[in-house]
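Work through these exercises with the structure in view. Try each task before you read its solution.

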Amino acid sequence: MSTDDRDTPPPAGRVREHGWSVRAGKVVPAALLLAAVLVVAGFASGWKEYTWGARIGTFGSGLVVLGLGVAWGRRHHRATPPSSVEEGSTFSHRGVAIWVAALVVAAAWDVCGLLTPPNRNHLTLSALELAYRPLHSLMFVSWLFAGWVLASTPLRRRRS
Amino acid sequence: MTVTTSMAVLIGSDKVVGLAFWSSVILVFTVLEVLGHVPSTRLPSLEGLVRRYFSHPAWRAFTIAVWLYVGYHLFSH
């Protein structure tokens, strides 16, 4: 019998099983989180505007996402510090311009919607997402995702 | 006919047009986000943009406040 089994590598099957269990350990919580977000977004689409339930639900969801994002960001970025490539950000100015252009087009459309005469439908985002619950849910999920990114992305580190 | 009325006619006052537009906007941003995680495209993801342009604590706090207000305006107001 070997006195030191630590030097012997595990059988390949055991490594694959461990890989599967590690992956399942990450996929299952992510799937549960996604399901929770979709349920909350569906529930949020039924909130009536100008009610305390809508205000508390919106701010409550936002604060929960911010808290979870900060906690996850701290744990994730402490465990896996960003590489020099991530710090340097290798995307191009053209890519940034595409994002800005999409934002400008959406903002221009919204402003035009605000200028619509009273006897016509307003095509602003806020008016339409109140009229269509699936759009409301989709916007809610997008808003939560943006909050997650804002909370979980690390702040600039001071140079020592 | 005023400018705003003309623009409203041009855009179309049908709600379906508006729904199609905003659905397209969401689709565009989703595609940009997905492509931002593909290194060969050299497109930024939302996290990349936040990391580059919103990494100062005061600027990030202001952005989060704006984000909260947008949520309040869209979902409870």
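Two residues are in contact if their C-beta atoms, placed from the backbone, lie within 7 Å. This is a predicted model: local features need pLDDT of at least 70, side-chain atom pairs count only at pLDDT 80 or more, and totals for chains, interfaces and linings use all residues. Residues are numbered from 1 along each chain as its sequence is written, while chains are lettered from A and ligands numbered from 1 in the order in which they are written.

**Exercise 1.** Find the contacts of A:Trp148, leaving aside neighbours within four places in sequence.

**Exercise 2.** Decide whether A:Ser137 is buried or exposed.

*Solution.* Step one: recall the cut-offs. Buried takes 20 or more other C-beta atoms within 10 Å of a residue's own, exposed 12 or fewer, and partly exposed lies in between, with C-beta atoms placed from the backbone. Step two: count. A:Ser137 has 20 C-beta neighbours inside 10 Å, so A:Ser137 is buried.
Step three: look around. A:Ser137 touches A:Ala41, A:Gly42 and A:Ser45, not counting residues up to four places away in sequence. A:Ala41 is 96 residues away in sequence, yet 4.8 Å away in space, C-alpha to C-alpha.

**Exercise 3.** Find which residues of helix 2 of chain B are buried, and how they are arranged.

*Solution.* Helices are DSSP runs (H or I, at least four residues), numbered from the N terminus. In helix 2 of chain B, the buried residues are B:Gly18, B:Trp22 and B:Gly36. Now look down the axis of helix 2 of chain B: its buried residues fall within an arc of 50° (directions from the axis to the C-beta atoms), so they line one face. The face turned away from the buried side carries exposed residues, including B:Val16 and B:Leu27.

Note on methods: Helix = DSSP H or I, 4+ residues; strand = E, 2+ residues; numbered from the N terminus.
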